[in-house]
Amino acid sequence: MGEEVARSQATQDEVPQVPPTPGPGLPAQAVSGSGQAMVEVDPTETAPRSGRSGPGGGNGGSGSQVQNLLKGGAGRNVGLVIALVLLCIVGIVTAGDRFASTANVLTILRLAAVIGVVSIGMTFVITGGGIDLSVGAIVALASVWATTLATQQMAADFHWIFMVSTALLVGAACGLVNGLLVAYGKIVPFIATLAMLAGARGLAEILSDRRTQIISVNSFVDFFGGSVLGVPVLVWMFVLVAAAGWVLLNRTTFGRRTFAVGGNAEAARLAGIKVQRHTVALYVLLGLCCGIAAVMLMARTTTGSSTHGGLYELDAIAAVVIGGTLLSGGRGTIVGTVFGVLIFTTLNNVFTLNNLSISAQSVAKGLIIVIAVLLQQRLAARAT
């Protein structure tokens, strides 16, 4: 009897032990050798640990987090802040109190506000994989249409909001035409918006007979030319548009779809996004921003003219690119665009205070744009 028990026990010892299959309530296990030695792995561990962690570790968690942060959007924004601070230092050293005065700072902000609003709208279009060369012409057309004698007469009889509504409607209509040509007409954005640039500028010249139209509605000028808490209303408008743009791009479904369409339009279509409709919406949004910019320019100059908005398309694209938005689409940042606008406006102000020519300003802008694009390509290559 004892010998049978011993044989049975020996037989059981020869049977290999099969480890339990990981399940919902069991930790994952790594089996080494024949399965007799098993090491439990923490199920909450999502990546293998490499190097040492902690203050003395070469690949510590905190160091990696800092590096990732600097490589991302925060790192780009830090670089923009440093560039802006350096420009301010140059302005103080070369122009002294003329640059550092409160009046000059408000002048910089007032000048940045108009092109800044256009740049916010341009950020959406470029992030969505498009581009718009007609923004300056749309601003001019909106300003002329909103300051015609008939429009101003109706504004004087009813309310100045009629002039604002006209500018917004004209901007949105131009954006709608651009969007339809690009999305449904299958015309390359460069060509479609180039045609709008010529058409809108020509229509503005026809409406105004190439004359500057003076705004006679005093209530309009008083409202938009005033200040709130010592800050011009135009600057507050820029702040509100930038804040609304940031929320729309980063905290809504519309923003997520914009990133998706710009990153890969075909993948976005397969995911259920109506790419053509969304593209039209992006151009309409930019058109609305051009209408707002036209209102701001009308208030600042008290005129409507077919010459308004000259080279706005170049300034807006430059500010967007400097801010970190990819020209190929799929990545955009409103905060970076705001810093890009401030950098270019401050640069122009420093050049003007030092009596440097506009040609020198253009050369400096061109160099900055080239450097920014080269940096974008290098960062994209590293990411790949």
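Buried means under 20% relative accessible area, exposed means over 50%, and partly exposed lies in between, with a 1.4 Å probe and protein chains only. This is a predicted model, in which local features need pLDDT of at least 70 and side-chain atom pairs count only at pLDDT 80 or more, while totals for chains, interfaces and linings use all residues. Residues are numbered from 1 along each chain as its sequence is written, and side-chain values use heavy atoms, with hydrogens and water left out.

**View 1. Ala173 in helix α8.** Ala173 has its place in helix α8, where helices (H or I, at least four residues) and strands (E, at least two) are DSSP runs numbered from the N terminus. With a relative accessible area of 39%, Ala173 is partly exposed.

**View 2. The packing of helices α6 and α8.** Helix α6 (residues 135-145) packs against helix α8 (residues 161-183) at an angle of about 145°, and their axes are 8 Å apart; the axes are lines fitted to C-alpha atoms, for helices over the stretch in contact, and angles run from 0 to 180 degrees between N-to-C directions. Ile138, Leu141, Ala142 and Trp145 of α6 make the contact (heavy atoms within 4.5 Å) with Thr166, Ala167, Val170, Gly171, Cys174 and Asn178 of α8. Seven of the residues in this contact are nonpolar, three are polar and none is charged, where Ala, Val, Leu, Ile, Met, Phe, Trp, Tyr, Cys and Pro count as nonpolar, Asp, Glu, Lys and Arg as charged, and the others, Gly among them, as polar.

**View 3. Cysteines Cys174, Cys289 and Cys290****.** With a disulfide taken as a pair of cysteine sulfur atoms within 2.5 Å, the count comes to zero disulfides. The sulfur of Cys174 has its closest cysteine sulfur in Cys290, at 8.4 Å, which is too far for a bond. For Cys290, the closest cysteine sulfur is that of Cys289, at 7.1 Å, again too far for a bond. Cys174 counts as buried at 8% relative accessibility, and Cys290 counts as buried at 1%.

**View 4. The surroundings of these views: the whole protein chain.** The protein chain holds 17 helices and six strands, and 40% of its 384 residues count as buried. Of the contacts in the chain with a separation of 6 or more, 72% are between residues 24 or more positions apart.
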